[in-house]
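I record here what I looked up in this structure, entry by entry.

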Amino acid sequence: MICPECGSPVTPTMKFCSECGNRLDPGSTTVSYLPTFVEEEVVPSTSRPPENGASLIELDQVEGTAGRRMHDLGSETVHIGRSPECEISLDDVTVSRRHADISRGERSFRIKDAGSLNGTYVNRVRVDTVDLRNGDEIQIGKYRFKFVFN
């Protein structure tokens, strides 16, 4: 008998491969995971975002608590990146010079990745373009932000 993961010889009584640690008898586990995907019903909103706008609150890197800075999203489009010309400039090599843009639409704020190498994440999912909701967590490089309406 051989390990299906690494090809090392194993005995029938072994539960894990001694070389790679792969579980050899997956049928005897009581743990199961079956993801279910339910599409949320989109209810069109007739209201505009609050006139005061929104903000990004920079979160602490370790605990996810409110951290050092708060960035207002008052203008129509806010550019985020490593470049000093960006409205929100982030000093991190994993952040592209122009990484993402947040724009104010008729009914919501929208974040759009600007072709960055390492991606833009909303609620830990890599996105190209997505409408933001109150409380969303945005990650750009090592920086994490919480999106909130003012």
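**Entry 1: the nonpolar core.** I took a nonpolar core to be a set of buried Ala, Val, Leu, Ile, Met, Phe, Trp, Tyr and Cys residues joined through side-chain atoms within 4.5 Å. Buried stands for under 20% relative accessible area, exposed for over 50%, and partly exposed for what lies in between (1.4 Å probe, protein chains only). The model is predicted, and I noted that local features need pLDDT of at least 70, that side-chain atom pairs count only at pLDDT 80 or more, and that totals for chains, interfaces and linings use all residues. Residues are numbered from 1 along each chain as its sequence is written, and side-chain values use heavy atoms, with hydrogens and water left out.

I found 20 residues in the largest nonpolar core. Leu56, Leu73, Leu90, Ile102, Ile138 and Phe147 have the most contacts inside this core. At least two core residues come from each of strand 1, strand 3 (77-81), strand 5 (100-104), strand 6, strand 10 (137-140) and strand 11 (143-149). Strand 11 gives the largest share, three residues. The strands (E, at least two residues) and helices (H or I, at least four) are DSSP runs, numbered from the N terminus.

**Entry 2: Leu73 and its contacts.** I counted a contact when heavy atoms lie within 4.5 Å. Setting aside residues up to four places away in sequence, Leu73 touches Ala54, Ser55, Leu56, Val78, Ile88, Ile102, Phe109 and Phe147.

Entry 3: I placed Ser55 in strand 1 (residues 54-59). Is Ser55 buried or exposed? Ser55 counts as buried because its relative accessibility is 0%. Its side chain makes a polar contact with the side chain of Asp72, at 3.0 Å. A polar contact is a pair of N or O atoms within 3.5 Å; within protein, one must be able to donate a hydrogen and the other to accept it, and residues adjacent in sequence count only if both atoms are side-chain atoms. Beyond its neighbours within four places in sequence, Ser55 has contacts that include Met70, His71, Lys146 and Asn150.

I then turned to His71, which lies in strand 2 (residues 66-72). With a relative accessible area of 12%, His71 is buried. Apart from neighbours within four places in sequence, His71 is in contact with Ala54, Ser55, Leu56, Glu58, Ile88 and Phe145.

**Entry 4: salt bridges.** Side chains of opposite charge can pair when their charged atoms come close. I required a side-chain nitrogen of Lys or Arg within 4 Å of a carboxyl oxygen of Asp or Glu. How many salt bridges does the structure hold? I found three.

Arg110 pairs with Asp131, with the closest N and O atoms 2.8 Å apart. This pair links distant parts of the chain, since Arg110 is in strand 6 (residues 109-113) and Asp131 is in strand 9 (residues 129-132), 21 residues apart. Arg110 is partly exposed at 37% relative accessibility, and Asp131 is partly exposed at 35%.

Arg98 pairs with Asp101 at 2.7 Å between the closest N and O atoms. Here Arg98 is partly exposed at 42%, whereas Asp101 is buried at 13%.

Glu137 and Arg144 form a salt bridge at 3.2 Å, N to O. Both Glu137 and Arg144 are buried.

**Entry 5: cysteines.** I looked for disulfides (pairs of cysteine sulfur atoms within 2.5 Å). The search of the whole structure finds zero. Cys6 is partly exposed, with a relative accessible area of 38%, while Cys86 is buried at 10%.
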